[in-house]
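Visitor: I am new to this structure and would like to learn how to read its features. Where do we start?

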Amino acid sequence: MNIKALHTLEYDKIIAKLESYAASPLGKEYCKNLLPTDDEEYILKAQRETSDALTHILTQGEVSFGGVKDIRASLKRLEIGSILGIGELLNISSLLSTAGSVKNFFRKNLNENNETGDSLNERYQLIEPLSPLMKEIRRCIIDENTIADDASVGLSHVRRSMKIAGGKIHDQLNSIVNGSSRSMLQDAIITMRNGRYCLPVKAEYRSSFNGMLHDQSATGSTLFIEPASVVKLNNEIRQLELDEQEEIEKILANLSNQTAEQSFFIEQDFRILSELDFIFAKAMLSKNMKGTRPVFPKEKYIDIKDGRHPLIDPKKVVPINLHLGRDFSLLVVTGPNTGGKTVSLKTIGLFTLMGQAGLHIPAFDGSSLRIFNEVYADIGDEQSIEQSLSTFSSHMVNTVSILEKADENSLVLFDELGAGTDPVEGAALATAILSNLHNRHSTVMATTHYSELKLYALQTPDVENACCEFDVTTLRPTYKLLIGVPGKSNAFAISSKLGLTDDIIEDAKNHVASDAKHFEDVLAELEKTRVELEKEHEMVSKSRKEISELKKSLKEKNEKIDNSKDRILQHANEEASRILAEAKDYADETIRKYTKWASSDKHIKEMEAQRAALREKMDSKQSKIKVKNNKPKSKQLKPSDLFIGADIKVLSLGANGTVSTLPNEKGDLFVQAGLLRTKVNIKDIELLPQKKPENTGNHSGSGKIRMNKASGIKGEINLIGMTVDQAMPVLEKYLDDAYLAHMSQVTIIHGRGTGALRTATHNHLKRTKYVKFFRLGEFGEGDMGVTIVNFK
């Protein structure tokens with residue numbers, strides 16, 4: 001691609017962004033040197049690699065290549081047998097550590113997705129982390145200034161000897177500092193000069209202090225003397241330092257030899273990791289600009305869907321839809337200034353360059369690009385003072401250069417073609433240039449203000465008009481590119497909105513040629529019709545979408561009903577058969593027992609217990625199965641019709657019960673249906689005739705009392721709403737009656753509230769001799785709101 005087009009279309013700015021995402025030195029070089037190509041195989045391969053890297057980032061997160069250092073010079077030094085320095089070996093260790101991390105990154109993805117790999121798999125397989133070498137370097141080298149003591153046996157011995165010698169020197173010097181020679185010293189400190197331990201001695205004691213002079217202060221009053229007693233120890237330390245350096249060189253030489261043996265794999269890791277860094281940088285660019293992989297159809301056309309120029313603020317950029325090369329190969333874009341014509345021109349050019357460089361484009365998925373051998377662009381003010389060229393002359397120099405090279409595999413972009421000179425001649429030149437390129441079958445997009453070019457596009461096959469929409473009411477462009485519609489300059493409308501008087505505008509209209517005026521009127525009418533049709537189309541599309549969604553929803557609902565109907569009916573029939581069979585078996589068993597008990601009065605208590613168990617089982621079943629009763633109620637109940645303890649029927653449950661609480665303002669109340677206490681609405685209950693104890697009169701004595709109690713007593717008593725003083729007499733009488741009726745168990749409903757009624761009830765039960773035991777209700781029995789009593 002020609003360098004001028006890359007600069008004009010701001011491709012270099014995209015490359016600068018791409019380079020910022022790379023971390024390795026060679027990866028940055030790859031980014032910096034990335035150029036578009038017309039090699040279709042390379043383009044498709046590069047696009048696939050970018051997509052695969054983006055998939056890794058979106059599914060696993062980002063991978064770091066920051067540890068990839070530039071080791072090329074170090075590898076060259078290893079080739080000639082040189083010993084690497086500490087920093088160079090640490091760079092190689094960092095590279096190998098990154099190789100291990102990247103290897104694990106790809107291995108984890110393959111294990112999780114159970115896949116055979118993608119276009120990056122070949123590189124991943126070639127990475128060699130060389131963990132033993134990396135660990136050995138890290139074991140021996142702590143940082144850029146420190147070799148570990150245990151890097152070798154010799155180094156460990158030397159450093160231990162240095163510590164012992166240093167300790168002896170300090171002991172000797174401390175004895176001098178704290179001894180009789182203290183008065184000769186300027187300060188009671190130990191210092192170093194030229195790598196040897198010294199003491200600061202006053203100048204007047206030079207001859208009296210036995211030792212070697214190494215330095216003096218700026219004033220000459222202090223001399224730094226090495227005492228004679230530590231000269232030998234200082235010499236020993238100096239020798240140990242040389243031995244230490246020799247041991248360090250041996251360690252570095254050994255590590256360099258190990259590294260040289262693996263230089264092939266290290267160089268391969270460096271190259272592969274740099275390539276992956278480059279590929280993942282392209283993926284990160286795509287991620288941050290919300291890019292997609294373009295398609296390159298065999299039919300060779302461009303179809304950009306919701307394309308956004310990548311260098312414009314994402315919050316402000318207006319997506320464009322543009323197609324070129326399928327229905328027409330030359331597009332003439334007209335319209336007022338600042339309407340978005342140049343941006344559209346640059347967008348198609350920049351997208352082409354990015355796509356042919358293996359980069360994703362910020363457009364909707366499925367956008368298509370064509371591979372061109374060359375892209376030419378004449379955009380912007382090319383005026384040159386140095387070459388004494390006017391704007392027109394400069395543009396014409398570029399145009400001549402383009403006309404010399406353009407062919408059927410070229411994309412040519414013109415901004416304001418023919419501008420900067422006489423309008424009549426400029427329009428004629430522009431028409432001729434476009435016609436020449438059209439005859440060469442070049443793909444061309446040009447912006448202009450000339451009406452002659454609009455007519456050329458209308459009259460010439462394979463040429464199409466387009467415009468950037470402009471709202472005359474607000475005097476603002478919408479930046480929407482409309483293909484198939486020639487644009488208006490809107491100069492008169494804009495001038496009128498800005499305050500230019502009507503007489504001047506009318507006079508200006510009189511100076512416009514009649515044909516041009518008629519053409520502009522036709523355009524205005526077409527624009528008006530287009531806007532109306534777009535609104536109608538939008539409404540129709542919206543209605544169609546709603547109808548389609550409703551149709552789909554209804555279809556899914558019907559399918560769901562059809563699929564589940566047979567299954568529900570079958571399940572219901574099976575459940576009904578099971579319940580009936582169970583009820584029959586239980587009824588048969590109960591009849592046999594009652595027939596047995598009827599022959600004797602001795603089993604009354606056992607019979608009552610069995611009846612209580614049967615009632616409990618029925619209540620349990622009714623609590624799980626709610627049957628809606630569609631039978632209309634004879635009368636709508638009012639809250640005033642109810643009272644605590646009233647007998648009612650819960651329609652939704654099909655069960656009888658008693659009122660536990662009066663209705664609230666919403667009509668909700670609690671009822672006790674057997675052992676089940678539940679919340680219902682007044683609309684869901686029906687008031688039953690209130691029962692009164694019946695006196696049969698066929699028995700006498702204790703037998704008569706027992707039968708009367710058995711027929712009139714209920715299995716529970718409701719104390720809710722009563723005070724303790726009111727409730728206790730009622731409870732005492734109820735317990736006596738229940739016991740005389742030989743009931744084995746009763747339920748006392750006292751509610752939760754403050755707990756006073758519950759406490760009083762329990763205290764009374766403790767004092768009642770015929771109570772065997774009592775307990776609070778369990779889940780489904782009323783919990784802490786009821787107490788279950790068993791008699792002796």
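Guide: We start with a term: helices and strands here are DSSP runs, numbered from the N terminus. Glu 10, for example, is in the loop between helix H1 (3-8) and helix H2 (11-21). Keep in mind that this is a predicted model.

Visitor: How many helices and strands are there in the protein chain?

Guide: The protein chain has 22 helices and 23 strands. Of its 792 residues, 41% are buried. The accessible surface is about 44,200 Å², and carbon and sulfur atoms account for 52% of that.

Visitor: What does the backbone angle phi tell me about Glu 10?

Guide: The general idea comes before the case. Most residues other than glycine have a negative phi. Glu 10 has a positive phi, near 65°, and is not a glycine.

Visitor: Is Glu 10 buried or exposed?

Guide: Glu 10 has a relative accessible area of 17%, so it is buried, the cut-off being under 20%.

Visitor: Where is Asn 194 found, and what is its phi?

Guide: Asn 194 is in the loop between strand E3 (191-193) and strand E4 (196-202). Its phi is positive, about 55°, although Asn 194 is not a glycine. Asn 194 counts as exposed because its relative accessibility is 65%.

Visitor: How do I read a pair of packed helices?

Guide: Two packed helices are described by the angle between their axes and the distance between the axes. Take helix H9 (residues 153-177) and helix H10 (residues 231-261): their axes come within 9 Å and cross at roughly 160°. H9 is therefore roughly antiparallel to H10, and the crossing of the two is left-handed.

Visitor: Which residues make the contact of H9 and H10?

Guide: On H9 they include Leu 155, Val 158, Met 162 and Ile 169. On H10 they include Leu 233, Ile 237, Leu 240 and Ile 248. Charged residues take part as well, among them Arg 159 and Lys 168 of H9 and Glu 244 of H10. The contact residues divide into ten nonpolar, five polar and seven charged.

Visitor: How accessible is Thr 723?

Guide: Thr 723 has a relative accessible area of 42%, so it is partly exposed.

How values were computed:
Residues are numbered from 1 along each chain as its sequence is written. This is a predicted model: local features need pLDDT of at least 70, side-chain atom pairs count only at pLDDT 80 or more; totals for chains, interfaces and linings use all residues. Side-chain values use heavy atoms; hydrogens and water are left out. Axes are lines fitted to C-alpha atoms, for helices over the stretch in contact, and angles run from 0 to 180 degrees between N-to-C directions. Helices (H or I, at least four residues) and strands (E, at least two) are DSSP runs, numbered from the N terminus. Angles under 35 degrees count as roughly parallel, over 145 as roughly antiparallel, 65 to 115 as roughly perpendicular and the rest as oblique. A crossing is left-handed if the near helix is turned anticlockwise from the far one by less than a right angle, and right-handed if clockwise. Contact means heavy atoms within 4.5 Å. Buried means under 20% relative accessible area, exposed over 50%, partly exposed in between (1.4 Å probe, protein chains only). Accessible areas come from the Shrake-Rupley method with a 1.4 Å probe; for residues, only the protein chains shown count as cover.
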